Amino acid sequence: MWTRRNVLKSLAAGGGMLAMPATIQEALGAPEPDVEIFLTATEWEAPILSGRATPVWTYRGKVVKGHARSVQPIPGSYLGPIIRVRKGQRVRLVLENGLDEATNIHWHGLHVPDDMDGHPRHTAAPGKRFVYEFEIKDRAGTYFFHPHPHGRTGKQVYFGLAGLFLVSDEEEQAAKLPSDEYDVPLILQDRSFNGRNGLVFLSDEGAGGGGMMGGGMMGGGMMGGGMMDMMTRMMGFLGDRILVNGRPDATLSVATRPYRLRLLNASNARIFKLAWDDESPLTVIGTDGGLLEAPVRRSYVTLAPGERLELWADFSRYGLGTELTMRSLAFAGDMAMGGGMMGGGMMGGGMMGMMMGNQSLPNGAAFPVFKVRVARSEKAPATLPQRLSTIVRYRPEDAVNYRRPRVFNITMGMMEWGINGRRFEMEGVAEDEIVRLNTSEIWEFTNDASMGMMGMMAHPMHIHGLQFRILERSVSPSLAEARNSVSAGYVDEGWKDEVFLMPGERARVLVAFKDFPGLFPYHCHMLEHGDTGLMRNYRVRA
Ligand SMILES: [Cu+2]
């Protein structure tokens, strides 16, 4: 059956073709896309530190059809581009794989058909293409895109592949939020560098062919690279340099007026607990799936890998020349060591620190993230809207399993992560992972997985293909203290595609399966955890 999608797929598999010829489109009766964008994944040398440029991977974006502003590069950065589309548009995104390994793109947070979602079973081989085509069904929000090939997501994101996917709509426009240069994306990541300004990752994984980025640094010392790599894969990679939009020591020069700050944590495993150093509260206006109904205030916000938060930041009350710092505050790090050994400090040194891989800046350590300098005086009429959007709520009572939530336990087997004791299987799905199209369900994620003497870890759980609501949370009393060191920074009010769980924590979320039957992943967004088994499929059956 020559459905349009099959034709697109076979064209993608064949490669070499620039775009779908209009004649075939017309023959198939398919609507022409409103926006068509080419994204080439390729090697590049990025100016990051002073001195030598850093070999990275990056996406080159090009608008083939649509507004020139649909693709906006982040100048000088390996990150990006920023893709801007509107709700209701049909988009075609052609990925060209200029790397020497298979890759694909997952449209994180978007509600798209299963074969357009960047499932690891759909990749483009080196030199080949994959054509993504879908309608933007999601509300305005800060979504993002990154590779998702199984076992290699962590590596490909780490070496530079990630961009923002910003959707706008009429409701958002009506809120009259700061726009253009006052709408600032801030992509937070941690990285480690060797003495030649090369990115350090696992000792056997460099970007590009010649091992130019091999992480020789990490293999040294008392333990061989193999053991260190194994630990890093289990724990998640943590770098010791904080980059914002791909640059260290970032400073944002602002005017005395309100800004919309869009935060994305695109780190592999770094958790942020963000606060201004003058202790002024943060005004949150949006989460993973777009604007909240009304702004909420927090003294700090918790941001796990893959999560997004939008802030309303008004600098009008600061004098010219004021400098503010966004910091990540200390918290009980994710190596919650069973008993009293919690806290980042413990993990910095000693044998245990060695075993944890690169832990010179453990999760839970405090550090500056970026600076803001109030540099210009400007009057802006913008005031914070008390009503930002309307959220159409599903009712938990309407869930088909209201009385008996579907439970997903994060598990640790023979030093291997899993969900309900199972590892990821490319096309595998268990009986208890099958749901019905046009139903809603309550899913419960529980984080009781212990690595024995190495303790427990935090896990941000991500579900592909939809946005959900977080209904309730609880925590084991013995682990409440660690959880409470971050939980005041949770923003569970809006639409979410991830739910962050500290050790001993469980959360119930309300999910609805609409429009698209098929096979979708759900997994931990600590990228090394997902790559090593903390991922499964769920099937939406029509
Ligand atoms: Cu995890």
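A charge sits over a ring if NZ of Lys or CZ of Arg is within 6 Å of the ring centre and within 35 degrees of the ring normal. By that rule, the charged end of Lys62 sits over the ring of Phe38, 5.8 Å from its centre. Lys273 lies over the face of Tyr300, at 4.4 Å from the ring centre.

Some ground rules. This is a predicted model, where local features need pLDDT of at least 70 and side-chain atom pairs count only at pLDDT 80 or more, while totals for chains, interfaces and linings use all residues. Residues are numbered from 1 along each chain as its sequence is written, and side-chain values use heavy atoms, with hydrogens and water left out.

Now the metal. Which residues coordinate the copper ion? They are His459 (ND1), Cys524 (SG) and His529 (ND1), at 2.0 to 2.1 Å. Donors here are N, O and S atoms within 2.8 Å of the metal (3.2 Å for Na, K and Ca); water is not among the atoms, so sites may look incomplete. His459 counts as buried, at 0% relative accessibility. Buried means under 20% relative accessible area, exposed over 50%, partly exposed in between (1.4 Å probe, protein chains only). Cys524 is also buried, at 1%.

Last, the rings. The structure holds 30 aromatic pairs. Rings of Phe, Tyr and Trp (its six-membered ring) pair if their centres lie within 6.5 Å; planes under 30 degrees apart count as stacked, over 60 as edge-to-face and the rest as tilted. Phe272 and Phe367 are edge-to-face, because their planes are at 75°, with the centres 5.9 Å apart. Phe272 is buried at 0% relative accessibility, and Phe367 at 5%.
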